[in-house]
Amino acid sequence: MKKEKVNVLVIGIGAGSHGEQIIKALRLATKVDVTIIGTDVTNLSTGKQLVDIFYEVPYTGSEGFKNIFIEIIKKHNVRFVFHGSEVTLKFLSDNRDILENLNVAHPLNSEEIINLCMNKYNTFKTLENLGFKVPRYKKINSLEDLKDIDFFPVVLKPNTRSGGSVHVNICFDKEDLELVAKYLLKYGIDLLAQEYIDSDDEYTIGVTSDDNGQIIGSICVRRIINNALTVKLKVQKDGKIYFISTGVSQGQVIKDRNILSQAEMIAKKLGSVGPLNIQCRVINHEIYPFEINPRLSGSTSLRAIAGYNEPEAMILYKVFKQRVNLNDYKEMVILRTIEEVVL
């Protein structure tokens with residue numbers, strides 16, 4: 001079978017980033033023959049070993065990055081650009097006009113969805129208004145806002161500019177809440193208090209939609225959270241263990257139509273037109289989202305191993321106008337480990 005040849009650019013390919021996972025998925029592609037150009041802000045990048053051509057570049061917000069970005073695209077006749085981090089996602093979203101002018105395709109969801117999901121309070125408010133069940137929540141702008149919280153345990157987390165469970169804490173009473181909130185507010189962290197969903201059934205679900213909002217496919221990974229890679233915080237209280245997972249997903253790829261159909265409905269009601277990653281816990285067969293990311297996931301490579309190769313499907317759809325059946329994947333258990341790389 002003839003493969004379509006295409007040059008792609010991935011910006012932000014540092015270790016552990018979803019950019020690195022996108023590259024791994026592209027290396028598993030069977031229908032496209034990709035030449036991968038990658039960039040990072042440092043030459044000390046493990047992602048450098050995975051790409052065909054590497055560039056060390058300044059930060060996206062720095063003067064000169066935009067010109068370098070355009071030069072790389074023109075030099076290598078890049079047809080598709082992937083984001084590798086939250087920062088590069090925002091850069092691409094804010095510069096869609098450049099991509100359009102250069103006739104370069106991308107995996108971006110709509111600007112409205114990206115802006116919405118980058119604010120957790122606004123996301124939960126929207127989901128609630130659309131009729132979906134969500135954990136109880138409250139925006140925390142000052143210590144005064146803590147007085148009305150009566151749903152413990154509480155997960156205190158950044159409302160914006162978050163990733164990888166950074167600054168996420170579990171609070172069991174008002175004393176915990178005031179102590180942690182005071183510290184984080186002191187350093188300018190935008191906070192949200194969210195009810196802790198008491199369930200060991202945690203999932204990361206990917207829903208892929210086309211430009212018209214039609215579902216191309218969906219996949220569910222029941223997370224196995226059992227080691228330092230997957231556990232961000234673990235607290236034992238009154239004989240029970242409470243935990244917060246990291247941004248590193250591993251687990252059992254399953255085809256649970258009940259869970260998948262609920263996630264697909266969220267994507268449809270939100271008007272998603274690209275990749276949407278829903279992190280949730282399940283109680284009595286109902287999903288309770290605690291995070292929604294409008295982008296390709298850190299579990300992209302795991303999904304590709306199972307046969308759900310979202311980056312490849314997007315290239316075929318956006319560049320070559322070919323539609324792929326993403327739902328033809330296999331159920332399996334996939335675990336992760338640390339691998340040493342010599343630069």
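Axes here are lines fitted to C-alpha atoms, for helices over the stretch in contact, and angles run from 0 to 180 degrees between N-to-C directions. Helices (H or I, at least four residues) and strands (E, at least two) are DSSP runs, numbered from the N terminus. The model is a predicted one, in which local features need pLDDT of at least 70 and side-chain atom pairs count only at pLDDT 80 or more, while totals for chains, interfaces and linings use all residues. Residues are numbered from 1 along each chain as its sequence is written, and side-chain values use heavy atoms, with hydrogens and water left out.

**First stop: helices 1 and 10**

Select residues 18-27 (helix 1) and 310-318 (helix 10), whose axes come within 8 Å and cross at roughly 70 degrees. Helix 1 is therefore roughly perpendicular to helix 10, a term used for angles of 65 to 115 degrees. Showing side chains brings up the contact (heavy atoms within 4.5 Å), which is made by I22, A25 and L26 of helix 1 together with P311, E312 and I315 of helix 10.

**Second stop: helix 2**

Move to residues 65-75, helix 2, and colour F65, F69, I72 and I73, which are its buried residues; buried means under 20% relative accessible area and exposed over 50%, with partly exposed in between (1.4 Å probe, protein chains only). Looking down the axis of helix 2, you find these buried residues within an arc of 100 degrees, so they line one face of the helix; the arc is that of the directions from the helix axis to the C-beta atoms. The face turned away from that buried side carries the exposed residues E71, K74 and K75. Among the elements covering the buried residues are strand 1 (4-11), strand 2 (32-40) and helix 3 (86-94). After helix 2 comes N77, with a positive phi near 50 degrees.

Now display the open sheet, in which six strands follow the order 15-14-9-10-13-16 with antiparallel pairing; two strands pair if DSSP finds at least two bridges between them. At its edges are strand 15 (286-293) and strand 16 (332-334), each pairing on one side only.

Within the sheet, strand 9 (residues 202-209) and strand 14 (residues 275-283) pair over seven bridges, and E202 stands opposite R281 of strand 14. Strand 14 also forms a hairpin with strand 15, with two residues between them, and N284 in the turn has a positive phi of about 50 degrees. Here Q279 has E291 of strand 15 as its bridge partner, and seven of the eight residues of strand 15 are buried.

Finally, select residues 257-270: this is helix 8, which lies across strands 9, 10, 14 and 15 and runs at about 130 degrees to strand 10 (215-223).

Note on methods. Angles under 35 degrees count as roughly parallel, over 145 as roughly antiparallel, 65 to 115 as roughly perpendicular and the rest as oblique.
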